[in-house]
2 protein chains.
Amino acid sequence: MQHIPDAVDTPTILVDVDTLTRNIERMAAAMRSKRIRLRPHAKTHKIPEIAALQIEAGAAGLTVATIGEAEVFARNGVRDIFVAYPLWVGERAATRLRALTAAAKITVGVDSAEAAAAMGAALGNAAGDIEALVEIDSGHHRSGVLPEESLAVATAARDAGLRVTGVFTFPGHSYAPGMPVRAAADESSALLTASTQLRDLGFDIVHLSGGSTPTATLTEPSAVTEARPGVYVFGDAQQLELGRCAADDIALTVASTVVSRHDGQSRRIVLDAGSKVLGGDRPAWTTGFERLLDHPDARITALSEHHATVVWPSDDPLPALGSRVRVVPNHVCVAVNLVDDVVVTSKGEVVDRWAVAAQGRNS
Amino acid sequence: MQHIPDAVDTPTILVDVDTLTRNIERMAAAMRSKRIRLRPHAKTHKIPEIAALQIEAGAAGLTVATIGEAEVFARNGVRDIFVAYPLWVGERAATRLRALTAAAKITVGVDSAEAAAAMGAALGNAAGDIEALVEIDSGHHRSGVLPEESLAVATAARDAGLRVTGVFTFPGHSYAPGMPVRAAADESSALLTASTQLRDLGFDIVHLSGGSTPTATLTEPSAVTEARPGVYVFGDAQQLELGRCAADDIALTVASTVVSRHDGQSRRIVLDAGSKVLGGDRPAWTTGFERLLDHPDARITALSEHHATVVWPSDDPLPALGSRVRVVPNHVCVAVNLVDDVVVTSKGEVVDRWAVAAQGRNS
């Protein structure tokens with residue numbers, strides 16, 4: 001059980017830099033051995049220092065979700081950025097994208113002829129400076145077109161002046177028990193089908209970009225040239241419950257204090273870390289809201305903004321009032337976005353503090 | 001259907017100041033007519049301009065969840081603040097509380113003899129400057145003691161040097177269909193039982209403080225002297241589904257853009273507002289993640305960080321790509337905490353921009 005530094009008030013997000021570095025190096029090595037280009041999704045951390053560690057370990061560039069995130073990382077020296085999102089680009093977004101192309105190679109997502117045309121019209125001559133990947137729906141049924149619809153989108157993007165260089169998908173249906181292997185197979189098949197169709201009609205498709213921490217190490221290198229996992233840097237309770245990381249791989253926890261304690265019929269404690277620092281994500285397949293790293297059988301059964309209600313296992317003594325425990329968020333990406341900075345620790349001591357520079361960059 | 005100003009990028013939080021003002025005045029009038037003191041919970045908005053409107057309309061002071069929120073509102077001129085939370089106070093928190101008492105009348109929550117003793121020890125002589133209300137569990141089973149346990153806590157708080165002036169509860173079990181009336185009754189009964197016991201043993205109990213937007217207007221003035229509703233200023237999708245506000249009362253929406261559109265078998269659109277601006281709260285009893293204000297039959301069936309997937313009613317044409325819609329968060333308190341500022345509108349035009357001054361003040 002790792003020490004929570006006394007100097008830290010609660011709730012505070014702690015990042016163990018040794019675990020973080022090991023996670024970054026392990027994924028980089030796994031992708032290197034498969035000859036898959038690694039383009040980590042930076043929406044998970046939003047922290048330039050972590051992006052620098054990823055690139056130092058061999059990442060080819062970054063993935064982001066918004067133009068605002070791209071701006072933060074470009075300003076911090078990242079030279080190759082993919083906004084993996086079906087952007088709707090009007091005049092203001094076009095001005096920002098044009099400015100970005102001066103600092104970095106910029107790639108965007110597109111999933112409709114209409115959005116491609118609008119983007120081309122707004123960008124004008126600058127469209128040719130931007131690469132576009134057609135988003136494919138590989139089974140998550142969110143954005144993206146079916147593989148057989150990709151030609152219409154790619155053609156519209158080319159007609160709009162964009163350079164169509166690939167296809168991408170997010171196999172988000174990997175986020176359920178027993179689903180990662182199947183989602184990885186769906187991802188490969190969707191990207192292969194779409195890219196084959198586009199190549200047959202003359203598109204120079206060089207990028208087959210897949211995603212997701214649950215599937216990245218399962219991906220077939222014959223079908224995917226690039227992977228975009230995000231969560232692997234920190235791990236979280238979802239990945240634990242999916243069996244995609246171990247408790248030892250958890251690099252980010254929320255230091256919290258026991259503020260209320262009930263040792264009667266309903267045996268529970270209340271922590272001062274609520275949804276405003278942990279995030280509120282609670283997929284139906286998870287066993288609770290968040291986990292306690294050092295008490296794997298305890299369950300957070302209710303989460304308010306500033307209270308986590310933890311039901312305690314009956315054979316384990318309740319922690320004392322005022323004592324501190326480490327909470328593992330269910331979904332780490334939304335937790336990081338709730339704080340201005342994270343406290344960096346090594347062997348239980350504070351060694352640094354990193355700003356969440358892209359916090360709140362939703363557009 | 002209200003206009004979304006062209007000058008606004010998406011996603012952006014819009015606050016309609018006319019609806020906001022009407023909500024504030026209506027709750028103030030309802031509490032005035034019941035002779036219940038109104039002490040709105042400011043964790044909902046975290047915005048000094050809104051606190052000023054509440055106080056101008058007759059609020060006796062504010063409720064907050066953390067010392068950090070109290071500091072922001074004290075700095076902005078609020079003179080009576082209740083931190084309605086079972087604080088665990090060590091040296092650093094004591095220093096901050098002492099500083100706060102110079103600016104405002106400060107009341108805190110306490111729900112254990114141990115926390116009361118720790119707080120008294122850390123505060124030293126300053127304990128006598130602070131009022132304490134004993135937190136009662138009226139059925140929500142989060143923090144708080146049962147009414148019959150309140151004497152031990154009150155006695156410890158008095159022994160620790162705090163001024164025990166009342167009891168408080170949060171009837172959070174009001175947040176489910178059919179529950180507000182029962183929760184309001186539980187609240188009254190718990191506060192009456194606890195306060196009677198404490199008075200019988202010589203405590204000068206002047207505050208019986210209840211909470212929650214669903215119960216505030218149902219509260220019995222004979223049992224409650226003070227109400228702490230928060231959400232009523234904006235309304236949200238939870239209150240709509242509980243029947244505690246109407247669509248016309250919704251003062252806060254998230255302007256968002258249709259970025260992906262699928263008119264096939266699965267008839268859906270995807271919006272650029274995800275959990276990083278809407279919050280991720282999705283209680284089991286709600287019919288979906290968030291609502292679209294102008295399309296009451298549409299349902300957000302999945303919410304990612306930057307995508308809301310909206311299943312569209314079959315007899316209603318899908319909105320065009322690039323068009324804009326207004327989303328009503330399920331739980332408005334967590335949405336506001338995700339942005340640096342909100343855009344204030346009146347009759348569809350931008351009239352101001354307010355900073356979310358207490359954003360992220362979790363401790």
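In this predicted model, B:Pro11 sits in the segment that comes before strand 1 (12-16) of chain B, where helices (H or I, at least four residues) and strands (E, at least two) are DSSP runs numbered from the N terminus. The peptide bond that leads from B:Thr10 into B:Pro11 is cis, with omega near -5°. In chain A, the bond from A:Thr10 to A:Pro11 is cis, with omega near -5°, and A:Pro11 is placed in the segment before strand 1 (12-16) of chain A.

Residues are numbered from 1 along each chain as its sequence is written, and chains are lettered from A, with ligands numbered from 1, in the order in which they are written. Because the model is predicted, local features need pLDDT of at least 70 and side-chain atom pairs count only at pLDDT 80 or more, while totals for chains, interfaces and linings use all residues; side-chain values use heavy atoms, leaving out hydrogens and water.

Chain A as a whole contains eleven helices and 17 strands, and its C-alpha atoms fill a box of roughly 70 × 40 × 35 Å along the principal axes. For 363 residues, a compact globule would have a radius of gyration near 21 Å, and the 21 Å of chain A agrees with this; the radius is taken over C-alpha atoms, and the globule rule is 2.2 Å times the number of residues to the power 0.38. Of the 363 residues in chain A, 64% are buried, where buried means under 20% relative accessible area, exposed means over 50%, and partly exposed lies in between (1.4 Å probe, protein chains only). Among contacts in chain A (heavy atoms within 4.5 Å) between residues at least 6 apart in sequence, 70% join residues at least 24 apart.

Eight of its nine residues are buried, so helix 3 of chain B is largely enclosed by the rest of the structure; B:Ile67, B:Glu69 and B:Phe73 are among them. The cover over these buried residues includes helix 2 (48-56), strand 3 (62-64), strand 4 (80-86) and helix 4 (91-101) of chain B. After helix 3 of chain B comes B:Gly77, which has a positive phi, near 95°.

Two lysines also have a positive phi. B:Lys46, a residue other than glycine, has phi near 60° and is found in the loop between strand 2 (37-38) and helix 2 of chain B, where B:Lys46 is buried, with a relative accessible area of 0%. A:Lys347 has phi near 50° and lies in the loop between strand 16 (341-346) and strand 17 (349-355) of chain A; with 68% relative accessibility, A:Lys347 counts as exposed.

The last topic is the cysteines. A disulfide is a covalent bond between the sulfur atoms of two cysteines, and here the term is applied to a pair of cysteine sulfur atoms within 2.5 Å. A search of the whole structure finds zero disulfides over all chains. A:Cys245 is in no disulfide, since its nearest cysteine sulfur, that of A:Cys333, is 12 Å away. A:Cys245 is buried, with a relative accessible area of 15%, and A:Cys333 counts as buried too, at 1% relative accessibility.
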